[in-house]
Amino acid sequence: MSLHRGLRTIDVARRVGCSVQHLRDLERDGVIPPAARTPSGYRSWSAVHVRSAVAYRELTQAVGPVRAQELLQALHDQPLAAFLAMLDDAHAELARERRDLQAAREAVASIAAEPLGEPRPSDAMTISELAEALGTTPATLRHWEAEGLLTPDREGSGRIRTYSAVQVRDARVVHQLRIAGHPIPQLRAVLRQLLDPGVSGEALHTAFRVRDQQLTRRSHALLRAAPALNDVLASKQSLIGPDGGHQDIDWSGERWTGPVGPGQPARVWSALGGGGQDPVDDGGGDGLGGQSAEAVEDLGQGQ
């Protein structure tokens with residue numbers, strides 16, 4: 001099927017690997033541009049919509065659905081610099097999480113190796129003191145207690161929480177691992193290991209390995225989104241000209257709403273690529289700049 005002739009909703013959904021309703025939701029939320037309408041009122045989609053939906057799918061795995069939606073909306077509606085700044089932030093966030101993971105590895109290894117010695121009452125800390133030392137809040141420490149990560153002692157008639165040297169060590173480990181993004185169930189296994197020196201370090205190694213694999217998958221998804229994002233951007237730039245200014249594009253009517261100038265076609269192409277002229281279906285071209293319709297279908301289903 002030639003993509004610049006127009007795709008049905010089911011065609012795009014199959015290429016992207018989502019439901020028809022999900023595709024309509026993406027259109028409603030501005031993740032993909034509005035579809036053109038046939039004289040009978042049916043949606044008519046193009047490769048721009050396929051690429052936008054594919055980019056959203058990969059970005060969702062990389063940065064989550066909310067941020068993915070914001071990125072696609074900015075791609076369609078904002079100046080190039082604003083969109084690229086948001087994309088840079090997504091890459092920077094993943095880089096920061098990797099640094100936090102490495103810092104957690106080093107910190108936990110150092111904390112676990114510290115000799116505790118004989119416990120002394122003077123070593124105990126109140127919940128406020130421990131929260132201040134960690135740079136967190138008493139509410140966070142109470143949450144960790146409710147999740148079974150910490151078990152403070154209780155003293156006096158007021159049952160005031162106090163933390164021994166061992167419990168302070170556990171809190172430091174939990175704090176470092178939470179900064180690095182580890183979920184609470186993993187932390188339970190790590191703390192059981194610390195409390196039992198006879199247990200191997202496998203739980204701790206597994207926690208770090210799982211987190212590293214999660215970050216790798218997210219980084220890879222962000223990389224996979226790049227070609228689709230660039231294709232949509234190239235199609236948009238072919239309409240707004242080389243000056244980098246921002247113009248509104250009415251994708252639904254396949255027309256650029258700004259004044260048509262040299263090198264700025266009045267029609268929005270139904271497919272990507274093509275070099276600044278209104279594509280004509282001569283029976284042999286697909287309007288994809290050398291890529292077949294099958295290639296775009298593979299892009300939608302094979303990632």
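## Strands 4 and 5

Arg154 has Arg161 of strand 5 as its bridge partner. Strands here are DSSP runs of E with at least two residues, helices are runs of H or I with at least four, and both are numbered from the N terminus. Strand 4 and strand 5 run antiparallel and are joined by three bridges. Two strands count as paired if DSSP finds at least two bridges between them. The two strands form a hairpin with four residues between them. In the turn, Gly156 has a positive phi of about 70°.

## Model and conventions

This is a predicted model: local features need pLDDT of at least 70, side-chain atom pairs count only at pLDDT 80 or more, and totals for chains, interfaces and linings use all residues. Residues are numbered from 1 along each chain as its sequence is written, and side-chain values use heavy atoms, with hydrogens and water left out.

## The chain overall

The protein chain has 11 helices and seven strands. Of its 303 residues, 41% are buried. Buried means under 20% relative accessible area, exposed means over 50%, and partly exposed lies in between (1.4 Å probe, protein chains only).

The accessible surface of the chain comes to about 15,500 Å² (Shrake-Rupley method, 1.4 Å probe). Carbon and sulfur atoms hold 51% of that surface. Among contacts with a separation of 6 or more, 57% link residues 24 or more positions apart. A contact means heavy atoms within 4.5 Å.

Met125 stands opposite Tyr163 in strand 5. Axes are lines fitted to C-alpha atoms, for helices over the stretch in contact, and angles run from 0 to 180 degrees between N-to-C directions.

## Helix 3 against helix 4

The axes of helix 3 (residues 47-63) and helix 4 (residues 65-77) come within 7 Å and cross at roughly 140°. Helix 3 contributes Ser52, Ala55, Tyr56, Leu59, Thr60 and Val63 to the contact. Helix 4 contributes Pro65, Arg67, Ala68, Gln69, Leu71, Leu72 and His76.

These residues divide into eight nonpolar, four polar and one charged. Ala, Val, Leu, Ile, Met, Phe, Trp, Tyr, Cys and Pro count as nonpolar, Asp, Glu, Lys and Arg as charged, and the others, Gly among them, as polar.

Six of the eight residues of helix 1 (residues 9-16) are buried, so the helix is largely enclosed by the rest of the structure. The buried residues are Thr9, Asp11, Val12, Ala13, Arg15 and Val16. Just after helix 1, Gly17 takes a positive phi of about 85°.

Ala36 lies in strand 1 (residues 36-37). Ala36 is buried, with a relative accessible area of 12%. Its C-alpha atom is 8.7 Å from that of Gly6, 30 residues away along the chain.

## Arg98 in helix 5

Arg98 lies in helix 5 (residues 80-113). Arg98 is partly exposed, with a relative accessible area of 31%. Leaving aside neighbours within four places in sequence, Arg98 is in contact with Asp212, Leu215, Thr216 and Ser219. The C-alpha atoms of Arg98 and Gly181 are separated by 9.8 Å, at 83 residues apart along the chain.
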